[in-house]
Amino acid sequence: MAPLTNYLILATVGVTAAFSPAHVASRPSTRLSESFGFDFAEDSYANTPDVLLGEANYKQWVKRVDENSFLNRKYNAIRRVRELDLVGATADAGILSKLEANGLDLATLEELLPVIEEAGLLSVVANNQQLLINGVAPLLVEGAPFLLPVVAGALEAGPSAFYLGAFIAAGTEALLITNNVEVPLVGLPAGVIAGLLLVPLAAVLAAVGAFLSSLKK
């Protein structure tokens, strides 16, 4: 009987252990703070003014201190367009007449507006105003006196000029990468650095060429 009794006891213990909840090891908290968890450390939230907590509050406080601060400064594109007389330069270059010659007239623009709205481009512009005003607008406006004659010549030549520009930009990028060209002094790959400009430029020129080709009647 003793062996049978021992067997029953072991079986009971095994079944009980099988249905007992597993022990879960407690994990230490990974929450970080500026006090590094020390009681004697200074609490930054206790001695920092509320106006400095959060990016939005900080920008509002800086604006009250200096309205022309670099943090809140916006590029005045309209004033620079007037100062550079870009409207007159556009008329002198014949940009509008050359656009019409390529098939882009007011009627075509009216047809494109619903397409642009359905594609969500207007919402993209609205959500990225700060980037467009302070990042893209200065490049276009300040470079317009040099770009307008080039654009006028390309429009006069037609879509093929834009395709050629896209081919040159893409070919230059390919040569820089295949030849492992490096930027002097710093030793960085020139293909990567120049690619930040050449790749988007090639894409834009190819898209403009395709767009103008589609307007040909």
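Surface patches are here made of residues with over 30% relative accessible area and no salt bridge, like charges being joined within 9 Å and nonpolar side chains (Val, Leu, Ile, Met, Phe, Trp, Tyr) within 5 Å. A salt bridge is a side-chain nitrogen of Lys or Arg within 4 Å of a carboxyl oxygen of Asp or Glu. The model is predicted: local features need pLDDT of at least 70 and side-chain atom pairs count only at pLDDT 80 or more, while totals for chains, interfaces and linings use all residues. Residues are numbered from 1 along each chain as its sequence is written, and side-chain values use heavy atoms, with hydrogens and water left out.

The protein chain has 11 helices and 0 strands (DSSP runs numbered from the N terminus, H or I of at least four residues for helices, E of at least two for strands). Of its 217 residues, 18% count as buried, where buried means under 20% relative accessible area, exposed over 50%, and partly exposed in between (1.4 Å probe, protein chains only). The accessible surface comes to about 16900 Å², with 67% belonging to carbon and sulfur atoms; areas come from the Shrake-Rupley method with a 1.4 Å probe, and for residues only the protein chains shown count as cover.

One nonpolar surface patch, of about 550 Å², is made by L185, V186, L188, V192 and I193. V192 sits in helix α11 (residues 190-215) and counts as exposed because its relative accessibility is 54%. V199 also lies in helix α11; at a relative accessible area of 47%, V199 is partly exposed. Its C-alpha is 7.1 Å from that of A169, 30 residues away in sequence.

Beyond its neighbours within four places in sequence, I95 is in contact (heavy atoms within 4.5 Å) with T90, L148, V151, A152 and L155.

Two loop residues remain. Most residues other than glycine have a negative phi. D85, in the loop between α4 (77-84) and α5 (86-93), has a positive phi near 55°. N180, in the loop between α10 and α11, likewise has a positive phi, of about 55°. N180 is exposed, with a relative accessible area of 63%.
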